[in-house]
Protein chains: 2
Amino acid sequence: MPQDVLRDKEFLRGLLLRAAEASGSTVVGDYFYKFENDMGVTGVVVVAESHLSIHTWPEYGYAAVDVFTCGTHTDPWRALEVLREELRPERVEVTEMTRGILEQLSLAE
Amino acid sequence: MPQDVLRDKEFLRGLLLRAAEASGSTVVGDYFYKFENDMGVTGVVVVAESHLSIHTWPEYGYAAVDVFTCGTHTDPWRALEVLREELRPERVEVTEMTRGILEQLSLAE
């Protein structure tokens, strides 16, 4: 991905907020940090359903993103679509992890 | 884990900061949020090497923690030790994920 984009804290903050909204999550706060010497950006959007995070390595054209949601009303794949559309990466690797005490959580739903 | 601990925002913030320090990470900021009606706490510590996060479900005695580090000078397992010592969970499940463009990153080290 273009190095400029991966160094642009305000763009990446807006992007992650749009991705959170697309997934159906409710944003409660965020924290973004730009490293010195244009070394990249790291940021987290805290949502009622957990969090989204991004860490960029402009020098490698690489970003690592987590989309962590909970409940049945959210769809993390919608967040991924927003990220794909706006970052237009050449290559994407996705790992889906199901976590939690699922037998108890399913009883509660 | 005890429900009181999983609802205690200031304790959990201090815990995650201690865990970050133990792992050798450099803290750059944090954001913690306590849900209404004692429904739990969610929080993130942003470190120069990525992030640590915690999301608690006191009603299930459950917490989901991510420890995301990068570089060779940090040890995420040290963070886990701090969390174990202070939370004393009956049961722990850990999944280790290696990520990034490893062939390029290893060239750079």
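## Ground rules

Residues count from 1 along each chain as its sequence is written, while chains are lettered from A and ligands numbered from 1 in the order in which they are written. Because the model is predicted, local features need pLDDT of at least 70 and side-chain atom pairs count only at pLDDT 80 or more, with totals for chains, interfaces and linings using all residues, and side-chain values rest on heavy atoms, with hydrogens and water left out.

## The annotated residues

Let's start with the record. An unreviewed UniProt entry carries the annotation "active site" for Ser50(A), His55(A) and Cys70(A). UniProt positions are given in the numbering used here, feature names are shortened, and annotations may be inferred rather than shown by experiment.

His55(A) sits in strand 3 of chain A, residues 50-57. Helices (H or I, at least four residues) and strands (E, at least two) are DSSP runs, numbered from the N terminus. With a relative accessible area of 2%, His55(A) is buried; that word means under 20% relative accessible area, exposed means over 50%, and partly exposed is in between (1.4 Å probe, protein chains only). Beyond its neighbours within four places in sequence, His55(A) is in contact with Val41(A), Thr42(A), Tyr62(A), Ala63(A) and Ala64(A), and also with Ser50(B), His51(B) and Phe68(B). Contact means heavy atoms within 4.5 Å.

Cys70(A) belongs to the loop between strand 4 (62-68) and helix 3 (76-87) of chain A. At a relative accessible area of 24%, Cys70(A) is partly exposed. Not counting residues up to four places away in sequence, Cys70(A) touches Glu49(A), Ser50(A) and Trp57(B).

## Strands of chain A

Strand 3 of chain A is largely enclosed by the rest of the structure, because eight of its eight residues are buried. Strand 3 runs antiparallel to strand 2 (residues 41-47) of chain A, and six bridges join them; two strands pair if DSSP finds at least two bridges between them.

Strand 1 (residues 27-34) of chain A pairs with strand 2 of chain A in the antiparallel sense over seven bridges. Asp30(A) stands opposite Val45(A) of strand 2. In the hairpin of strands 1 and 2 of chain A, with six residues between the strands, Asn37(A) takes a positive phi near 60°.

## Helix 3 in both chains

In chain A, the 12 residues of helix 3 should span 16 Å at 1.5 Å a residue, and the end C-alpha atoms are 17 Å apart, which agrees. The expected span is 1.5 Å times one less than the number of residues. The buried residues of this helix are Ala79(A), Leu80(A), Val82(A), Leu83(A) and Leu87(A). Seen down the axis of helix 3 of chain A, these buried residues fall within an arc of 160°, so they line one face of the helix; the arc is that of the directions from the helix axis to the C-beta atoms. Their cover includes helix 1 (3-6), helix 2 (9-22), strand 3 and strand 4 of chain A.

In helix 3 of chain B, Ala79(B), Leu80(B), Val82(B), Leu83(B) and Leu87(B) are buried. They fall within an arc of 160° seen down the helix axis, so they line one face of the helix. What covers them includes helix 1 (3-6), helix 2 (9-22), strand 3 (50-57) and strand 4 (62-68) of chain B.

## How the copies relate
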